[in-house]
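Biologist: Could you walk me through a structure? I'd like to learn how to read salt bridges and helix packing.

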Amino acid sequence: MMMMFSIAWILVVLVVAWNNLDAAPTLYFYDAAATWTGGWQHSSLQNKTIWITGASSGIGASMVCQALQAGAAHVILSSRKRDKLLNVASKCQSLLGSKYHPEHTKMSIVPYDAANNSTTTMEATIVDRVWKACGDDPLDMVILNAGVYQNQPAMLTTKQERDYVTRVNYQAPVDLTQALLEKWKTHDNPKGHIVVVASIMAHGPYGLSSTYAASKAALRTYFWSLATEESQWLTVNMACPAATLTGFWNPVASTLHAGGSAMTADRVAHLILTGISGPYMLFYETWITKMPGILWLGLAHYTPGLFLAFSHFLAYIRVPIWYHERIDAMDVSLLMTRFVQIVMGQYPPVVVET
Ligand SMILES: NC(=O)c1ccc[n+]([C@@H]2O[C@H](COP(=O)([O-])OP(=O)(O)OC[C@H]3O[C@@H](n4cnc5c(N)ncnc54)[C@H](OP(=O)(O)O)[C@@H]3O)[C@@H](O)[C@H]2O)c1
């Protein structure tokens, strides 16, 4: 009887978790507890000066507004498009409403094209501009969030495309950081905090976005190496979100949204900020994804062989779908239908034209 009760209880927990979890359990329950007890999870951002790259849309734009709502004193917004950054700033100002006091809350715009590496001093110049915008207050934190996607088979991805994605997602944040560390180090008691927005794809091979996944894996590895070298004065947090409904996906024909597994930018931004503000030992790296994604990460970490087998199986279905229908299929029912068709010989084989 006791055994039956325990099994039923475990099943209920699993079903509830499957339907509701959108982050690793520690982060999800910590955030839920903080919300139930007054919504204090972002309080450590109060009075902070924070620089956010990729702030003109999606997760970055959401983090700008939420950081200000949490009481950040000054947020510096960067991306390529000044107009979009100004729009985000005015949207955040209206969201704050009567809580917005220009004398206590400041927003600065520092445009920056991460793909532009025409001069070797480019990043140092941007960091100089950010330093100037900070005035007498130190820069407490940078959130390296700017990024671009690549979604097609590796065989069809040109060198130019690979270089561009690698430059924006990996090389540029690393170069910016180098310039930033030099500035921080000039202080008597240096203190720096870097938040890196990587991806769950940094954790394992993922078909149809090889360069993107590789750029995020490189980013993650670089910053964890740096964190060990400079641990005396530098804090590094890593955020690994999964599919999020942002402009990121616009160029991609994807059934991802139909699958219902994607999260909103507001929710992802909220959980990233919770991770940054919460206990470091728990949240030095946060996994932000709905249920199949959490299992995916679990497989990648604890059973790499099974993970590889599973990713091969997924690619067996997703790659032909990409070639024939030009969509990045993530929707379970579509994957199942096509799998049956492939096995029955009713789906044409892939002919690669390079
Ligand atoms: N959406 C997802 O499913 C997902 C999943 C996992 C991780 N992520 C990561 O989350 C981060 C934010 O992405 P998002 O989903 O919020 O996408 P998004 O809405 O497209 O935002 C990307 C941001 O990066 C900026 N950016 C792009 N190219 C740039 C360049 N050359 N120089 C400077 N800034 C540039 C864009 O601004 P401008 O166009 O104004 O330059 C924009 O502000 C990215 O690092 C992405 O890899 C996203």
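Modeller: Let's start with Glu325, which is partly exposed at a relative accessible area of 29%. Buried means under 20% relative accessible area, exposed over 50%, and partly exposed in between (1.4 Å probe, protein chains only). Keep in mind that this is a predicted model: local features need pLDDT of at least 70, side-chain atom pairs count only at pLDDT 80 or more, and totals for chains, interfaces and linings use all residues. Residues are numbered from 1 along each chain as its sequence is written, and side-chain values use heavy atoms, with hydrogens and water left out.

Biologist: Which residue forms a salt bridge with Glu325?

Modeller: A salt bridge is a side-chain nitrogen of Lys or Arg within 4 Å of a carboxyl oxygen of Asp or Glu. For Glu325 the partner is Arg338, with the closest N and O atoms 2.7 Å apart. Glu325 sits in helix H11 and Arg338 in helix H12, so the pair ties together parts 13 residues apart in sequence. Helices here are DSSP runs (H or I, at least four residues), numbered from the N terminus. Arg338 counts as buried, at 15% relative accessibility.

Biologist: How many salt bridges does the structure hold?

Modeller: There are 10 salt bridges. One of them pairs Asp31 with Arg267, where the closest N and O atoms are 3.4 Å apart. Asp31 lies in helix H2 (residues 25-36) and Arg267 in helix H8 (residues 265-277), so this pair links parts that are 236 residues apart in sequence.

Biologist: Is Asp31 buried or exposed?

Modeller: Asp31 counts as buried, at 3% relative accessibility, while Arg267 is partly exposed with a relative accessible area of 24%.

Biologist: Now the helix packing. What describes two packed helices?

Modeller: The angle between their axes and the distance between the axes. Take helix H3 (residues 58-69) and helix H4 (residues 82-96): their axes come within 9 Å and cross at roughly 35 degrees. Axes are lines fitted to C-alpha atoms, for helices over the stretch in contact, and angles run from 0 to 180 degrees between N-to-C directions.

Biologist: Which residues make the contact?

Modeller: Contact means heavy atoms within 4.5 Å. H3 brings Ala61, Val64, Cys65, Leu68 and Gln69, and H4 brings Val88, Cys92, Leu95 and Leu96.

Notes
Helices (H or I, at least four residues) and strands (E, at least two) are DSSP runs, numbered from the N terminus.
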